[in-house]
Structures are given as structure tokens and as C-alpha cells.
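Biologist: I would like a close look at the aromatic rings and their surroundings. Please go through them one after another.

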Amino acid sequence: MQFFVQLIRSSEAQGDHSQIMHEGMIISFTLVEFMQFESLKIKSYDTFILIVISLLFFSCSSEKAKSVVFGFLPILTWLPSYPLKQYLFGDIVSGISTGVMQLPQGLAYAMLAAVPPVFGLYSSFYPVLLYTFFGTSKHISIGTFAVISLMIGGVAVREAPDSMFAVNGTNASQVVDFEARDARRVEVVVALTTLVGIIQLVLGLLRFGFLAIYLTEPLVRGFTTAAAVHVSVSQIKYLLGVHTARFNGPLSVVYSLDAVFRNIASTNVVTLIIGLVCTVFLYIIKDLNERFKKKLPIPIPGEIIVIVSTGISYGMVMSENYGVEVVGKIPTGLLPPKIPDFSVFPNLFPDAFAISVVGFSIAISLAKTFALKHGYSVDGNQELIALGLCNFMSSFFHTFVVTASMSRSLVQESTGGHTEIAGLLASILVLLVVVAIGFVFQPLPTTVLAAIIMVNLLGMFKQLKDIPALWRTSKIELAIWLVSFFASVLLGLDYGLVVAMGFAILTVIYRTQCPKNALLGQIPDTGLYFDVDEYEEAEECSGIKIFQSNTSIYFANSDLYVSALKAKVRPNQAFGFIKFCTLYFCDYRLELTQQNCSLQMDHVYTNGQMNENHTESDSEDDFFLQRLTPIHTIILDFTPVNFIDSVGAKCIKSIFYMFVCFAGTLLSDLRTLKFFCEPVTPDLIFPTIHDAVLHCKHSRDVPVCPDVQ
């Protein structure tokens, strides 16, 4: 026990409060084992929890404990000093504007998640309320989002397909018990949300906020564009009013389009007209909001305006008279909390992990964008914890996974939102609708929700403009974008994400396989050295070759490094006659031995000309013991090298014994790898290229080969 107390106090002394929490977790797991010993007399988990709390807090000073609490609840840092006169009005306007968008989007994205629309309203209230207390971003709008909702819906359909709830057999004309199916899908989605929350919370506590950096921007943009394709295709049937099965997995886009075209003859004309009118209207409103955003005090609430069609639908009894599909029953009030079904966790874990990473990546990228614009910082680890708590705690109240919404976040920021109070007011607006007037949305045609979804996807489709831009700037990033897009479209969002991440990692390996190699020359009368092929003024030093390769040296590219070195030092060398030699300093003369791997040279170069010094009468040994070249020193510029492993060190050591690098990490790595042993010593390491060149030129013991006239 005393060891644990000392461990925490050492972290206190360093001021690392996140480390205190991390060590508290380790202590917790360790104490579970200690509870088995009778000497501690711990009989219940209540006592165990008290011990953990004591170790975490009572061993801390009040200031340290306060700092930990403030870090876990960021609202305590800014709410006491909240400037009412400056911020309140903007937050109220922003909260109302965002809440007005939350309502129709919550209903619409619930359809993507394969659950009844009212659960989208629940997901627009509880998580948003919780994020106010735990989040660090002042401008992102937490709630339902199309990409995440679609991924959730794919899991729900897979775990609770229509065939499981067939009333009259399993043939093509089966009747589905929709009530039982929807109830089961809600259970699956809620369990998935719980698991996502747990994963995000654990990753946050373990300081895995850096995880999002592996989802590079081209990958995320290609992935979200592919998700927009999936979402659009899934909404076509609602726009046309046709009934088709929902497909999931590889080629689901193809199967969905095929099913729609097969049933296109049964299109409901009234449904199609309503959907097209709403789509055109929403597009016009969106365009006006974008063009006149600086003149409009608040954006025109197009989504709310089209919901006026609810009244038209109710008055004309479209559901009964014209067969228009409507939202249906929306219970008034909130449902009581319920424990999720933990039995489905094993089947959901891979999907939950993918959704966790994607959701966090979207949220943190938006949060950092707004933070950079407005001059504050966000904590990636705390954002993971906040999202985890939002999803985990809300799942007990029948919600599905949430993240930051791009469209709502832009509205929240552009309408004058300053703090998380705007999100709090938006959630209160949703609560009022759920409690008081939720029934008003019951006659809302689902084609209106489909129109809302598809118009809100326009921003994602604009990401197709990335293709020509990346073509001009970075072909590798373009390849990542395209692989992410096509893999996600064809294989599904889950497999597509895995393929895209794997390809992105391969591009990193590829970059180390194809580095830029150069011979450096000196700018006259300076200590500057540049690529002789790119800079006309750069001149090679007499008798010295300075080689630079902008890559680390490790097992995967060490042979390529050596090959590039040989090609640069002897670009015209025909390596037909293979003989391996080792270069080293012995008696201050450059000699050759045939024992180890080195440069392969069988001709003599003099002043750029190749001479055949090897005659038939010469023995092979005599030939290789001659001075083959006027080059007496080869300097390796290690300044671009981040790391070197044992394989790379052996390859380098077997060839040249004159190097240049900035002392520091690499020098430490070389010592760790036992690189230095006679005749290779640390004396051959220089802090700059110029130091190495001066050493070679002015050393009395190493003769400089004169230029051949």
C-alpha cells in the first residue's frame, strides 16, 4: 500500500495529474488481486472503492485534487467567470438555431440508424447535455451524425434482420413483425452505444487521444465521401416511396440500387413530388444561407419550414389517401432508464471499435479547427473521455452513438455561439419538444426526412474537389483518398475503413523505400551544403563525397540505402564484376580488404574518365589492393535520419567509417546498438557537415588526392 501512495505522490510532485488518474487505474486492478488475501480483510467492493478513493484523493493536497477535478470537469474552469453581458445573447441565439436543426436531423438520422425516429430525439438531448460538463470544445455541436448513424444502422440490420421476425414463413411474400423487429434493433443499438462509450472512455483514460492522427485527413475525407454515397443510396427508396430490403456489407450499394430499380415501377408519385419539392427548397435555402451568411443574423431554418408539410400531411390524410409513408407514433415524454443487453457485446466489439475511432476522429478534427480559429486549445484525451461518457451514460436512456456534426457546428459557431451554453440550450429545446409536442411530428412524411438528409450531404460531396487538388500537390495522398473512397463504397464502411488504414500505413513504408537521395556540394566561402543537381553554385569537395538520404535506416530499406549510395558515388559503374570490399582507415591510408560487404568497384576513375588498369597479367588480389579512385572520404549526412536499427547499423558499418550527424538521439541509438568499435570510433561523428569536411581537408595524416590535370 505504501508503494502505491509513494507512486501517486511522485506524480504530484511532477504536476502530472493525468498520470495520477492513470496510476489510480493500475492501483485499482492491483487491489482486486490483493483482496484475495485475508490479511487485508477486504470483503466487499465498497471497501475496495473507498481504498481507491483514499489513495487518489486523501494522499493528494487540496490543490492537486482540485486540479484533477477541474481537468475532468472543464465546465468548472469557465462557468464561474462566464461573461453574461458579452456571451449570453450570442449563446441563446446560437442554441436556438442549433436546436432547430437538431430536431429534424435527429428524426432523419434515426432512420439511418434503423431505429424509430423518436430515438433520434433522445440522442439529441442526453449526450448534448452531458457534453456541456465534460467537453473542452466551445463550438462543436454534439449529437446525431449521418456517417455514424449509417454505421450503426448496418450493425442493427445485421444483428436483427427482417428474416428473424417473419410472421408467415421465410418466403418472398413474408410478413414482418415490425414492432418486434424495431424493439430488437433498439436493444442492439443501445448495447452498441454502451460498448462504444466504454471503449472511448478507456482509451481516454489511457491517454490514447493521439489515435486520431492515424486517420489522416485524405483518408477521413475519402471515407466520409463514401459514407455520403451510402447514405444517399439508402434514402432513394424513401424519396421514391418504394419498399426494399436494407442491405449491409460488401457491395451493399450495388444491391440497394438494384433493388430500387427493380421496384421503381411501384414508385409513389405523391411521395416523389413531396420529396423533390422539399429537396429543391432546402437546397435553395442552404445556398442563400451560404451566400448571405454575413448579412443574415441567423440562418434561415429551412428544415423547420419543410416540417410545415406535417400540417399539410395531417390535413390531407396523405398516409391513408395516398399511401405516403409517415414517421408514425412518437411517444410523449422520456422513457425510463434501462440496462443494455450485455450478451451481444462479443458480436459488436469490432464494429464498436471502428465507430469509436471514426466518431472521435470527426469530433476532434472539428474541435481543433474551431479552437485554432478562435485561439483556444482542446484536450484530445479529455475529448475522448467526454465522448465516452456521453455515449455510455446516455445509452441507459435509449440513445445511439453520437459525435460532432459538421453542419450544426458551423451553424453554432456562425450564429454567435461562444461556449458550451449554446449546446445546453439546444438540448433543452429538444427536451421541450420531446416532452410537450412530440406527437406533432407523427404525420411527417419520411420522404421529407430523406430530403433533409440528402441536402445536408452536399458538403460531403463537395469533398470530391479534393481529387484535382491532391493530383497537383501529392499523388500519395490522392491514392489514400481514392483507396479510402472506393474501398468504403464497395466493401462497406467497416471493411473500407480497415483497408484504408492499412493502405495509409503502407504509404508510410513506401516513402521510406523511395527517399530522395543526393550528393551535396559546398556553396563557396560558406558552411552551407546543398544538392549539386539542384543548385548550380554547389560544388563538390575534391576527394570527398557527401551523401544524403532523407529517410531512416532500418531493416526494410538498409539494402536500398546502400544501393543508392553506390549509385550516387559511382553513377556510371557497371557492377558486372562483383567483388565485396570493406573501406576503413588503417595507417592513415585508404585500404581495401575482401572480408566484408562494401562498394563494388572494378574500374579506376580519374578526373571523370574510366581507365582500365586491370590487365590480364595482374592477379585479382593485386588489383583490389590498388587505390581505385581519387575519392578518399565519403561523408554520410545523418541529419534527416530519425532512427537506425541494428540491421541498418551493420550495413552502414560494413561500408564506411566516416559519418556526419547531429549529436543526440541518433548518437545514443548508435551507442545502444554497439556500433562503435575499432576502427569505428565516436571520433568519426561530427556535429555538422562542414566540421567533417574541414577535418578531412586539414588533417595532416590523411593525404588528399590531387586532381588529375
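Modeller: Phe 342 counts as partly exposed because its relative accessibility is 44%; buried means under 20% relative accessible area, exposed over 50%, and partly exposed lies in between, with a 1.4 Å probe and protein chains only. The model is predicted, so local features need pLDDT of at least 70 and side-chain atom pairs pLDDT 80 or more, while totals for chains, interfaces and linings use all residues. Residues are numbered from 1 along each chain as its sequence is written, and side-chain values use heavy atoms, without hydrogens or water.

Rings of Phe, Tyr and Trp (the six-membered ring for Trp) pair if their centres lie within 6.5 Å, with planes under 30 degrees apart called stacked, over 60 edge-to-face and the rest tilted. The count of aromatic pairs is 15. One of them is Tyr 126 with Phe 397, stacked at 4.7 Å between centres and 25 degrees between planes. Their positions are 271 residues apart: Tyr 126 belongs to helix 8 (residues 126-134), and Phe 397 to the loop between helix 18 (380-395) and strand 2 (403-405). Helices (H or I, at least four residues) and strands (E, at least two) are DSSP runs numbered from the N terminus. Tyr 126 is buried because its relative accessibility is 12%, whereas Phe 397, at 28%, is partly exposed.

Phe 342 itself pairs with Phe 345: the centres are 5.3 Å apart and the planes at 80 degrees, so this pair is edge-to-face. Phe 345 has 15% relative accessibility and therefore counts as buried. Elsewhere, ring pairs join Trp 78, Tyr 82 and Tyr 87 in a cluster.

A charge sits over a ring if NZ of Lys or CZ of Arg is within 6 Å of the ring centre and within 35 degrees of the ring normal. Lys 138 is over the face of Tyr 376, 5.0 Å from the ring centre. The charged end of Lys 475 is over the ring of Trp 471, at 4.6 Å from its centre.

To return to helix 8, the helix of Tyr 126: 7 of its 9 residues are buried, and helix 8 is mostly covered. Besides Tyr 126, the buried residues include Tyr 131 and Phe 134, as well as Pro 127, Val 128, Leu 130 and Thr 132.
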